[in-house]
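Reader: I would like to go through this structure term by term. Please set each value against its cut-off.

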Amino acid sequence: EILLARWVWKNPANDPTIVTGLILASWVQTIWEWRPLVSITGQTHCGKSYLYEAIGGSEHRIGLLGNLAARCSRSTEAAIRLAIANKGRIPILDEFEQSKDREAILKKILRPATRGDTVSRGTSGQKKIDFRIRHIAWIAAIESGLREQADVNRFIQFELLMPEKDDEGKLELPNGSELYD
């Protein structure tokens, strides 16, 4: 929670605590009957991508979710489905507003994920492949794109704000030992 208080949240009294709980919940996301989805929005340069790097890591740094994180940016619905497959990987979708497949991702992956549905797809070789989608997905975007009530109801939504002028550009990602602690 102290780590997440580095960002400027719209509701600073509660948001870091709730996000901390959701990070912990993501570790056991597959055992529940129902699970929420997480949306973090905010203006450009408010720290969304840095937050997702702290949570999901990057190619140069491990995040709070370790190897369970499946970080994707501007990915297609099929690529995300294949990345998480039947594993407990946690989808971390950055730059979600720029995904040309945003509606398909919402309808074919994220909605079924809340209920833990099995999604079946056909291959070009006329074979059926089943994907069990039981994931707490995290999306980051300037705007979430959640327009339908079916989507709005499934997401816990947070907003990051711009830091004060004197604090712009001073946010530092936690190092490995801080994340470990």
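Author: Start with pockets. On a 1 Å grid, a pocket is an open set of points with protein on both sides within 12 Å along at least five of seven lines, and its lining residues have an atom within 4 Å of a point. The model here is a predicted one.

Reader: Which helix gives the largest share of the lining of the largest pocket?

Author: Helix α2, residues 48-56, with three residues. The pocket's volume is about 470 Å³. Its lining counts 24 residues, and H45, C46, G47, K48 and L171 are the closest to the centre.

Reader: How many cavities of 30 Å³ or more does the structure hold?

Author: One. A cavity differs from a pocket in its definition: a 1.4 Å probe fits at its points but cannot get out. The space in the largest cavity is about 40 Å³.

Reader: What lines the largest cavity?

Author: C72, S73, R74, S75, I80, L93, D94, F96, S99 and I105. Two elements give two or more residues to that lining: β2 (69-73) and β3 (90-94).

Reader: Now aromatic rings. How many aromatic pairs turn up in a search of the whole structure?

Author: One. The partners are W9 and F158.

Reader: Why is the pair of W9 and F158 called edge-to-face?

Author: Two values settle that. A pair of aromatic rings is described by the distance of the centres and the angle of the planes. Rings pair if their centres lie within 6.5 Å, and planes over 60 degrees apart count as edge-to-face. The centres of W9 and F158 are 6.1 Å apart and the planes stand at 80°, so the pair is edge-to-face.

Reader: Where in the chain do W9 and F158 lie?

Author: In distant parts, 149 residues apart. W9 is in the segment before α1 (15-26), and F158 is in strand β7, residues 155-159.

Reader: Why is W9 called buried?

Author: Buried means under 20% relative accessible area. W9 has 3%, so W9 counts as buried. F158 has 4%, so F158 is buried too.

Reader: What sits over the ring of F131?

Author: The charged end of R81. The cut-off is 6 Å from the ring centre, along with a limit of 35 degrees from the ring normal. For R81 the distance is 5.3 Å.

Reader: Is S144 buried or exposed?

Author: Buried. Its relative accessible area is 11%, so S144 falls under the cut-off of 20%. S144 lies in the loop between β6 (138-141) and α5 (149-152).

Key: Residues are numbered from 1 along each chain as its sequence is written. This is a predicted model: local features need pLDDT of at least 70, side-chain atom pairs count only at pLDDT 80 or more; totals for chains, interfaces and linings use all residues. Side-chain values use heavy atoms; hydrogens and water are left out. Rings of Phe, Tyr and Trp (its six-membered ring) pair if their centres lie within 6.5 Å; planes under 30 degrees apart count as stacked, over 60 as edge-to-face and the rest as tilted. Helices (H or I, at least four residues) and strands (E, at least two) are DSSP runs, numbered from the N terminus. Buried means under 20% relative accessible area, exposed over 50%, partly exposed in between (1.4 Å probe, protein chains only). Grid points are joined across faces, edges and corners, and a volume is the space filled by probe spheres set on the points.
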